[in-house]
Amino acid sequence: MQPLTEEERTHAFAPTRKAEVIARQRLPVRYHVEDFDGHHRPRRFLEAFAAVLKHTNYRLALDQYVRVSAKCSRCSVKCQVYLATGDNRDIPCYRSELLLKIYRRHFTVSGVLRGRLLGDPGLTDERVQEMADAFYNCTACRRCHFECPMGIDHALITHLGRYILSEIGIAPRALAVSVREQLTGATGNTSAVPVPALRDSLEFLSDDMQEERGVDIPFPLDEEGADYIFFPAVSDFLMEADTLMGNAAVFRATGDRWTIGTGYFDGINYGLFYSDHILEMVLHKMRAEVERLKAKTILIGECGHASRSAKFFYPTYCGGKQALPVVNCMEYAHKAWKQGRLKLKPNTIAEAVTYHDPCNLARTGWVVEQPRELLKAICSNYVEMTPNRRDNICCGGGGGTVSIDEIKPYRMLVGGRAKAEQIRATGAKYCVAPCANCKKQLRELMEEHGVDCQIVGLHDLLYKAIDFGPAAGGNGQ
Amino acid sequence: MPTFEVNDHKYEVDEDGFLQEPGIWNETVASDFATTEGVTDLTEAHWKVIHYLRNYYLQFGIAPMIRKVCKETGFKLNEIYQLFPSGPAKGACKLAGLPKPTGCV
């Protein structure tokens, strides 16, 4: 990867906020922050940290990490941010050390004693400011996790650091505003889509599908007792019409009962990016809707963080082992295809197609081969990008950063730098990126770096390839 | 509250330059905001998109699906990007006086 030129560096790190706002908030970060009480910040940070430790089991991980962290920087070879900037502060274990040092100094016996003995004043306001900047330069992609010989999950530290910061009022405004609308707003979802607009959009899509495929493909709303209740990233209802059409078409082909609840239809959960408290509250909203409609399985749309937050945390906050199962829509489509309930026409897509693994789906090995098998079934020229699968490079907009518009130059030049070249090297006409975050970031990247590649969802292509059979009355096109 | 001043008009805007009070929109607002989004001349094509967005917003309280914008106005997505270089969600919505889209948009 080409290192940043001086001009690019200046552009990527240019201040995005007025000097007077930075001075008022004493916070030299590039993302907008709503005004907050900035008094006694170090003390309040430590109080929040103590409260988090008291009510969670982060201490287990932190105790382990402060013992084993070798600060060896092996993780640096995996970090696309560090590889782009070459700045030591972007090495994952350097960033994690910002928080681990505070834990060691203030929350371990030896650290407290040593601090008193040596007269170490402890956490300073400068360190809080440094963390507020550093933890949002990381995309929380967890790729460095593989390289750490000690098994430290630096993205967990990033998450915890952001969580504590958010407890004292420091969180990107773009995320905070969306979450507020989702939890307390009139529409109850992050993109503020009212139910009449939802109905209008879905009717429009059904009409379009009738026109294009000659098949009646409904979006069932509020059906009680359905097998699947569908939660896509709510932004799909504005941006990703083709993906939604694919989702509906798959169900039309399999005949399973599914529904979208008008009480709550947003899979997005920014809590995964910066606050466990929000993570829990958003999942409770999901649970209420699932219970209202007595659905049997939670189905998440094409979105990495929405899928991971539900799959791995729905049981945590909503019923443990008794919690309803959570599946991603690609898992569902793959299983139906394997069972022969979803018929796909081979060689539907002739152009070169590649696949981008969203970090939140692939890093754990959860959804990796399923979309590839589906793509190989419908594309005549499928190519892999390198590296891929669990080791794939993040789009550069992970960890919520893609929703922060003001840091776009950073996402384009630093975060997504490696990704742009990786996609260019495949020469593919289509890049399948089954995640609302990745789609947005990658489209902007392709434009910015002049790569001639169209970013689509997996279901966008499945929609074209589904064979509804003669019984459906379709024209089979 | 930041303000945006142009052609002797003064508007209250958010930090991204979107009109703070969508209700006060009129065509002059669109003309005044055009330069900030890289639109130099508002043609009939621009107005077609702006009016469609505005009317949809007044009816439903949100911008329409992008696919619907394309279908109803007859422009392809790349043509909309040519009209509004900063895109439909940012540029076109700002000129039509809609609030800034939130979430993963």
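Trainee: How far apart do the C-alpha centres of domain 1 of chain A and domain 2 of chain A lie?
Mentor: In this predicted model, the two centres are 34 Å apart. Domain 1 covers residues 6–171 and domain 2 covers 187–338, while domain 3 of chain A covers 353–465.

Trainee: How do you know that domain 1 of chain A is in contact with domain 2 of chain A?
Mentor: Two residues are in contact if their C-beta atoms, placed from the backbone, lie within 7 Å. By that criterion, 6 residues of domain 1 of chain A meet 4 residues of domain 2 of chain A. The side belonging to domain 1 of chain A consists of 3 nonpolar, 2 polar and 1 charged residues.

Trainee: Why is chain A called as compact as a globular protein of its length?
Mentor: Its secondary structure amounts to 23 helices and 7 strands. The globule rule gives 23 Å for 477 residues, and the radius of gyration of chain A is 23 Å; the two values are close, so chain A is as compact as a globular protein of that length. Along the principal axes, its C-alpha trace spans about 80 × 50 × 45 Å.

Trainee: What share of the residues of chain A count as buried, and what share of the contacts between residues at least 6 apart in sequence join residues at least 24 apart?
Mentor: Of the 477 residues of chain A, 50% are counted as buried. For the contacts, the share is 80%.

Trainee: What makes Tyr410(A) count as buried?
Mentor: A residue is buried if 20 or more other C-beta atoms lie within 10 Å of its own. Tyr410(A) has 25 C-beta neighbours inside 10 Å, and therefore counts as buried. Tyr410(A) belongs to helix α20 (residues 408–415) of chain A. Setting aside residues up to four places away in sequence, Tyr410(A) touches Ala12(A), Arg30(A) and Gly415(A). By contrast, Phe237(A) is 173 residues away along the chain, and its C-alpha atom is 27 Å from that of Tyr410(A).

Trainee: Which residues of the largest nonpolar core touch the most other members?
Mentor: That core has 172 residues, and those with the most contacts to other members are Ile229(A), Val432(A) and Leu53(B). Helix α13 (residues 241–254) of chain A gives the most to this core, contributing 8 residues.

Trainee: Which residues is Leu53(B) in contact with, leaving aside its neighbours within four places in sequence?
Mentor: The partners of Leu53(B) are Ala63(B), Pro64(B), Ala92(B), Cys93(B), Ala96(B) and Leu98(B).

Terms used: Residues numbered from 1 in each chain as written. Chains lettered and ligands numbered in written order. Predicted model: local features only at pLDDT ≥ 70, side-chain atom pairs only at ≥ 80, totals over all residues. Domains from an automatic or database assignment. Nonpolar A, V, L, I, M, F, W, Y, C, P; charged D, E, K, R; others polar. Helix = DSSP H or I, 4+ residues; strand = E, 2+ residues; numbered from the N terminus. Rg over C-alpha atoms; globule rule 2.2 N^0.38 Å. Buried ≥ 20, exposed ≤ 12 C-beta atoms within 10 Å, placed from the backbone. Core = buried A, V, L, I, M, F, W, Y, C linked by C-beta atoms within 7 Å.
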